[in-house]
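Hi everyone, thanks for making time this morning. I'd like to walk you through a model I've been looking at, so please have a look at the picture first.

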Amino acid sequence: MSDTEVYGVLAEFEDADALVAAATRVRDAGYARVDAYTPFSVPGLPEAIGFRRDRVALVTLIGGILGGAGIYFLQWFSAVVNYPINSGGRPFNSWPAFIPATFECTVLGAALFAFFGYLIMSGLPKLHHPIFNAKEFDLSTRNRFFVCIESADPRFERAATTRFLESLGAMRVSVVPFS
Amino acid sequence: MPPAITASGNGVDESRLKFLRGRYSYASITDKISDVVLTRPTHWGWYAGFALCTLLTLLFVIAIAYLFATGVGIWGVDIPVAWAFAITNFVWWVGIGHAGTFISAFLLLLRQKWRTSVNRFAEAMTIFAVAMAGLMPILHLGRPWFFYWLVPYPDIMNVWPQWRSPLVWDIFAIGTYIVVSILFWYMGLIPDLATLRDRSDSRVKQIVYGLFALGWRGEARQWKRFDTAYLLMAGLATPLVVSVHSVVSLDFSIGNTPGWHSTIFPPYFVAGALFSGFAMALTISIPLRAIFGLKDFITARHLDNIAKVMLVCGLLVAYSYVVEIFMAFYSGDEFEKFMVVNRMTGPYAPIYWTVVFCNVVVAQLMWWKRVRLSTLALFVISIIVNIGMWLERFMIIVTSLHRDFLPSSWDVYYPTFWDWATLFGSLGAFAWLFLLFVRFLPAISISEMRKLVLEKREGET
């Protein structure tokens, strides 16, 4: 297996604290293309691998504004411009009656954008990923915690990176092939 | 973890009052929950329940087919009582859904740890209940095949929905509610589907669970976005719940029928929705934890907490009953006063007093800790409250209609076989969907339970 066929080097840990400590040292050693894989959301881990800002909240806000403004515009357009009906002498643009649909569509737009925004930004859905070639990676959804230094990292060097990860006290360090 | 409440002098075993009993590791908690779906032989009780529910679901299908072929005349509805079982079922089912969202979204915002082992099945309860609810207004339409006329779409007649009508608000509220509930539920399921994908031995299950897991890898970046999106969805779902039953109540209170035309309706309906929804959560969780051996996760503490929320909602409902009576006399309106007296003494008086007994009297039993810690007592109370809340919806709808402004059109509504078939058929279909859910998907969020194990361990050291 030559270096170009390697996706990265993966270290396996027994607990969340050990993983966060190891991930911090990996970052301190200057590695940039690092990811961690855990069975649940580990507090402090995203910061440890250098991921601070996700844009999900911004996307959700945009979705909410689009949903609310869109349905209000539709109500206004249909009731004032396109087909005005005199309903008991109420104004054509009777905004209090337009609020329920506006509120619901604000929530709907925000929720749809939050869900699909999160999926797309996370690279999901995906049928295959090289990390699944790793040994025992199925335990990442059960009780094991992994950190991976990818071969795309400029400082990646297979033997040295492996030795470095072993020095962090990992239970096991393995090379992840692309196929 | 907060300390368990003391039960000294009550003779109560302290260990029952924890959120998570026993000593679990990440692996054992994962295996225990996923084995229910993957390896454990199915309990005979599941098969028996599934058979019964399949029959009821078939009855529901037959009732709908006969209704579509013949028309709403097969029901007991007529003028003046044109709204009866279908609308009662609708309001009741939507309300049951609300407790699920309340548990999963509002308790998440409040960082209540007891949410963790009950949120998944409560969300499933929401989805199936709202699915039943969503069918009812469509069934009750004279021409159900035109239900989409409520949706704004560019049709060639250039006709738009009447935006000032609560019935149009309704379709937006219910439609949004079901979409957001499904997204929220599925989002939380994705990491657990990945667990099932990685833990199952059969190739078919690996492929099916794998496809629905969407390639989840548990990356730190995915988890971070997951947490943000999940919290935001919870923040969106909480006001949504309040808005949905408020809009449902406006279907009534916008009209000038005595007994309906009241500003207390939105909070009154929301409190009643949570009351019946939490009752249904008890009705479901008590057999669920027994049959699938989940008593370590859904503990007496959870049932105790649910009972406390029910008690509060029940008091709000009781307060609303009192305010309704007070406002009728305070308004001085002849029709309102007549309506209240007629409810208590008219042809539907037995229903009114049953409602008061079920929702006001029986609910007070939950003041006693002994009752809240007795699984049997809670199960019985939850059934009584479910019945009481269904009858309350029926009472609100039918008693207001059967004594019209015009005495010559007064009449009494009697349900027909097909009314009952629709009610019990929808109950069967709801339970049928729920049984399929607990058989094929994890009824408790595995990834959140693993996090609870971590927090419990940190709390002890």
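**One arginine, then the wider view**

Let's start with Arg197(B), which counts as buried because its relative accessible area is 11%, under the 20% cut-off. Before I go on, please keep in mind that this is a predicted model.

Where does Arg197(B) sit? You'll find it in helix H5 of chain B, the helix that covers residues 166-199. And what does Arg197(B) touch, if we leave out residues up to four places away in sequence? From chain A there are Phe132(A) and Thr141(A). From chain B there are Gln206(B), Tyr209(B), Gly210(B), Ala213(B), Gly215(B) and Trp216(B).

Now let's step back to chain B as a whole. Its secondary structure consists of 15 helices and zero strands. The C-alpha trace spans about 75 × 65 × 40 Å along the principal axes. For 461 residues, a compact globule would have a radius of gyration near 23 Å, and chain B agrees, at 23 Å. Of those 461 residues, 59% are buried. Looking at contacts in chain B with a separation of 6 or more, 80% are between residues 24 or more positions apart.

Chain B has about 18300 Å² of accessible surface, and carbon and sulfur atoms account for 70% of that. Its side chains include 36 positive and 28 negative ones, with the centres of the two sets 10 Å apart.

Last, a word on chain A. Its domain assignment gives domain 1, made of 3-53 + 128-177, and domain 2, which is 56-121. Taken over C-alpha atoms, the centres of these two domains are separated by 44 Å.

Methods
Residues numbered from 1 in each chain as written. Chains lettered and ligands numbered in written order. Heavy atoms only, no water. Helix = DSSP H or I, 4+ residues; strand = E, 2+ residues; numbered from the N terminus. Rg over C-alpha atoms; globule rule 2.2 N^0.38 Å. Buried < 20%, exposed > 50% of the residue type's maximum accessible area, 1.4 Å probe, protein only. Contact = heavy atoms within 4.5 Å. Areas by Shrake-Rupley, 256 points an atom, 1.4 Å probe, with all protein chains shown as cover. Lys, Arg positive; Asp, Glu negative; His and termini not counted. Charge placed at Lys NZ, Arg CZ, Asp CG, Glu CD. Domains from an automatic or database assignment.
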